[in-house]
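Have a look at the structure first, and then we will go through it piece by piece.

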Amino acid sequence: MKLALSILAVPVASGAEVSPIQKVIELLEGMVAKGTKEKQDEATAYSAYEQFCTDTKTNKAAAIAQEEEEIEGLAAEIQKLQADREELQRQIKKLTADEEKYTKELGEENDRRQEERDIYKAKHQDLSESVDGLEGAIAVIKKKTAQFKDTEDALLQVSSLSRMPESARKAINSFLLTDTSASAKMELEENANPLAGILEMLRDLYEKFRHELRDCEKEELNSKHHHEMVVDDLTKQIQNTEKSRSDKSDRAHDKKKRQAKAEEEKADSESTKAEDEAYLSDLTAECAQKSTDFAARQQLRAQELEAINQAINIMSSPEVAGSGEKHLKLAQKGSSFAQLRSSVRDPTQQKVAEFLLDQGRKYNLPGLLELSNQVSADVFGKVKKMIKDM
């Protein structure tokens, strides 16, 4: 606070009964009142600013804490989504391997079945030809009207069958190569006739091959049924694996999008938190500086007011008051200007000026230093002029 001595501009009415010393005291008291009001006004303004600092720092701290909580929550969510994605990728990889395995097994099963089918077809055709050939040969041999040539052709055809046992071939060849007459060979009523034995052998082979044919067909049905079950099971496993893999791929894709969104939100929260922390740091420093400045100004004002009050006490003392009255009377009696100047400056003016100078230097108060300079330079000049004009 810079105080100026305002008494120089205050006129004194002609015939006023208030002494110059009292007038100076009144003006100093006015300065005290003004300084006190300014000090209180500044305190009121700073109180509002201090409340702003408190409220803003509280709100920012709460916002930062909430942002930190959001960041921690998002970090945990991102970590879980990443772990879920990795687990889903592991499962997808296994499902892909399983699908490849089932597909390979299905192909192998189809190849096995095709090979089995080819074997069956060849065997079935062989057995069918054997049964049909034996059945035809037996029918020819049993036919009473058959010629030996027909029987011979039928036996030769049977003998060429791939499934015909070697022993049966030898028996047929032996029969055909014997010297017995054709009529004798065709006679079936006699047990000793070789053709009866050939016929019995053919009948046994016929039954044998017919049973083998039925077993072959039955085995084929069983094999076909087993193949269909295996194919159906593998097909379902492939379909289930494909569906599961597709579902997990969709879930992994969804989690990837959620993770990207969470990472974006986390980055935004971190940016906002950094801005709020920077603002809070700057505001805290600013508030602290303003608090220091306010305290310094309040102390300065208090010291100035204290110094002015002490000056008022000095000028209100009986010694100073009496000296002032003496100078006033000298002026009214027409004393010389030099006498008035000398009497006014000594000792009252000098004592006040020295006090103000001492207080200004002691507390580094520019206002009091200026006031001291003005007093020392003839602060009572106006007072003497007023006295002269009275």
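Helices H2 and H3 pass each other in a left-handed crossing. This is a predicted model, so keep that in mind as you read. H2 covers residues 148–159 and H3 covers residues 166–177.

Which residues of H2 and H3 meet? On the H2 side they are Phe148, Glu152, Leu155, Leu156, Val158 and Ser159, and on the H3 side Arg169, Ile172, Asn173, Phe175 and Leu176. Sorted by class, the contact of H2 with H3 holds seven nonpolar, two polar and two charged residues.

H2 also packs against helix H1, which spans residues 20–142. The axes of H1 and H2 come within 9 Å and cross at roughly 160°, which means H1 is roughly antiparallel to H2. The crossing of H1 with H2 is left-handed. H1 brings Gly133, Leu134, Ala137, Val140 and Ile141 to this contact, while H2 brings Asp150, Thr151, Ala154, Leu155 and Val158. By class, the residues of the contact of H1 with H2 are seven nonpolar, two polar and one charged.

Two packed helices are described by the angle between their axes and the distance between the axes. Here are both pairs:

| Helix pair | Angle | Axis distance |
|---|---|---|
| H1 and H2 | roughly 160° | within 9 Å |

Now for the nonpolar cores. The largest nonpolar core has 27 residues, and those touching the most other members are Leu134, Leu155, Val158, Ile172, Ile198 and Leu202. Two or more residues come from each of H1, H2, H3 and H5, and H5 gives the largest share, ten residues. A second, separate core has ten residues, among them Met31, Val32, Ile312 and Met315.

What does isoleucine 172 touch, leaving out residues up to four places away in sequence? Its partners are Leu155, Val158, Ser159, Ile198, Met201 and Leu202.

Finally, look at glutamate 220, in helix H5 (residues 194–316). Is glutamate 220 buried or exposed? Glutamate 220 counts as buried, because its relative accessibility is 6% and the limit for buried is under 20%. Leaving out residues up to four places away in sequence, glutamate 220 touches Arg113, Arg117 and Tyr120.

Note on methods. Residues are numbered from 1 along each chain as its sequence is written. This is a predicted model: local features need pLDDT of at least 70, side-chain atom pairs count only at pLDDT 80 or more; totals for chains, interfaces and linings use all residues. Side-chain values use heavy atoms; hydrogens and water are left out. Axes are lines fitted to C-alpha atoms, for helices over the stretch in contact, and angles run from 0 to 180 degrees between N-to-C directions. Helices (H or I, at least four residues) and strands (E, at least two) are DSSP runs, numbered from the N terminus. A crossing is left-handed if the near helix is turned anticlockwise from the far one by less than a right angle, and right-handed if clockwise. Contact means heavy atoms within 4.5 Å. Ala, Val, Leu, Ile, Met, Phe, Trp, Tyr, Cys and Pro count as nonpolar, Asp, Glu, Lys and Arg as charged, and the others, Gly among them, as polar. Buried means under 20% relative accessible area, exposed over 50%, partly exposed in between (1.4 Å probe, protein chains only). Angles under 35 degrees count as roughly parallel, over 145 as roughly antiparallel, 65 to 115 as roughly perpendicular and the rest as oblique. A nonpolar core is a set of buried Ala, Val, Leu, Ile, Met, Phe, Trp, Tyr and Cys residues joined through side-chain atoms within 4.5 Å.
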